[in-house]
Amino acid sequence: MEMIRLPVLRRVAVCGGTHGNEMTGVYLVPELERQQKEKGAATRSIPLTMVLSNPRAVKECRRYIDKDLNRCFTSATLRSPITSDTPYEIQRAQKLNTLLGPKGSEDAVDIICDLHNTTANMGLTIISYSWSNWICFHIFKHLKAKISNVPVRLLLINLPLGESYSLESVAKYGISIEVGPQPQGVVRADIFNIMKQGLDAILDWTETFNSGKVIEAGEAEAYIIQKSMDYPRDPKTGKPTAAIHPQLQDQDFCLLQRGDPVFLTFSGETLSYEEEEPLHPLFINEAAYYEKGIAFHLAHKKTLSIPSIQAKRD
């Protein structure tokens with residue numbers, strides 16, 4: 001593949017508390033601010049902006065106040081008029097777009113690292129909504145090489161119905177980082193340290209890229225979401241009638257084959273995987289997905305070819 005030359009990175013933002021009960025980002029952003037004041041801004045060449053994305057939800061330790069902030073960043077939502085009835089998260093999204101964007105413009109920050117936790121056993125997962133986000137893919141390769149104490153994976157999300165709706169999409173090269181398992185409203189030292197380790201490696205990579213060094217081509221395994229599975233539900237009440245089967249719980253990214261157990265009904269019956277195609281389940285039993293009607297996503301694995309990149313020098 002031909003080498004791709006990209007502009008140097010001039011602004012990076014780290015966002016935590018996009019979901020107010022995902023506590024690693026809630027605690028890591030103030031810690032980064034403290035360290036930056038203590039060490040001074042000269043420790044890195046790229047200005048770093050730290051943002052607590054959803055302060056009201058953080059204060060109440062809730063995922064959101066009126067609606068999921070991480071679904072409020074489509075262009076249409078960002079352009080919608082603000083009235084007294086506008087949900088808090090839409091108002092907040094527009095303020096963040098002013099601070100970090102505007103989305104799709106040359107003035108937008110180069111990279112947003114949006115920090116998330118999951119109750120699922122996802123290790124450290126990098127999420128991208130773009131198949132040509134070479135910065136993100138090379139960062140994933142770098143993390144894969146640098147971090148050995150936890151699985152590091154790349155997740156691609158297709159959006160066939162429109163543009164990305166997430167906070168990181170405001171940047172030119174958005175990166176969403178999921179680390180888990182961690183319960184909602186709880187901070188775990190091991191999960192905090194994994195996130196900090198990953199973020200430090202990302203910031204180190206940006207300095208290497210800006211130095212003009214050629215970042216060599218390579219390959220990356222990516223998981224590409226195909227569909228979502230809901231819990232079995234009572235047709236009258238709509239309530240779940242089963243839980244994730246113990247053999248599937250915490251087995252995110254395993255390969256499900258037809259006949260493998262996936263649910264255990266509350267009456268004791270095992271329900272099996274019935275898809276013809278073997279697929280990989282992820283975000284298994286994610287607490288925030290109960291309201292969305294998702295027991296887990298299903299993805300297939302694909303090897304991506306990533307071109308060499310180099311920063312254009314002025």
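1. About 40 Å³ of space lies in the largest cavity. A cavity here is a set of points on a 1 Å grid over the protein atoms alone where a 1.4 Å probe fits but cannot get out, and lining residues have an atom within 4 Å of a point. Volume is the space filled by probe spheres set on the points, with grid points joined across faces, edges and corners. The lining consists of Asn 21, Glu 22, Asn 117, Thr 118, Thr 119, Gln 182, Pro 183, Gln 184 and Glu 286. By class, that is one nonpolar, six polar and two charged residues. Ala, Val, Leu, Ile, Met, Phe, Trp, Tyr, Cys and Pro count as nonpolar, Asp, Glu, Lys and Arg as charged, and the others, Gly among them, as polar.

2. Some ground rules. This is a predicted model: local features need pLDDT of at least 70, side-chain atom pairs count only at pLDDT 80 or more, and totals for chains, interfaces and linings use all residues. Residues are numbered from 1 along each chain as its sequence is written, and side-chain values use heavy atoms, with hydrogens and water left out.

3. The whole structure holds two cavities of 30 Å³ or more. Val 12, Arg 44, Ile 46, Leu 48, Leu 203, Thr 206 and Glu 207 line it. Four of these are nonpolar, one is polar and two are charged. Helix H6 (residues 189–210) gives the most, with three residues. Helices (H or I, at least four residues) and strands (E, at least two) are DSSP runs, numbered from the N terminus.

4. The largest pocket has a volume of about 380 Å³. A pocket is an open set of points with protein on both sides within 12 Å along at least five of seven lines. Its lining has 27 residues; Arg 71, Tyr 129, Ile 157, Tyr 289 and His 297 lie nearest the centre. Ten are nonpolar, ten polar and seven charged. Strands S4 (111–117), S7 (173–180) and S8 (218–229) each supply at least two lining residues.

5. Which strands form the open sheet, and in what order? There are three, in the order S9-S10-S11, with antiparallel pairing. Strands pair if DSSP finds at least two bridges between them. S9 (242–244) and S11 (270–272) are the edge strands, each pairing on one side only. Three bridges join S10 (residues 261–265) to S11. Phe 263 has Leu 271 as its bridge partner in S11.

6. Val 150 sits in the loop between helix H5 (134–146) and strand S6 (152–156). Val 150 counts as buried because its relative accessibility is 12%; buried means under 20% relative accessible area, exposed over 50%, partly exposed in between (1.4 Å probe, protein chains only). Leaving aside neighbours within four places in sequence, Val 150 is in contact (heavy atoms within 4.5 Å) with Gly 123, Leu 124 and Ile 194.

7. Check the backbone. Most residues other than glycine have a negative phi, and most peptide bonds are trans. A cis peptide bond joins Gly 101 and Pro 102, with omega about 0 degrees. Another cis bond joins Gly 180 and Pro 181, with omega about 20 degrees. Pro 181 is in the loop between S7 and H6.

8. Asp 250 has a positive phi, near 70 degrees. Asp 250 lies in the loop between S9 and S10 and is partly exposed, at 38% relative accessibility. Asn 285 also has a positive phi, near 60 degrees. Asn 285 is partly exposed, with a relative accessible area of 22%.
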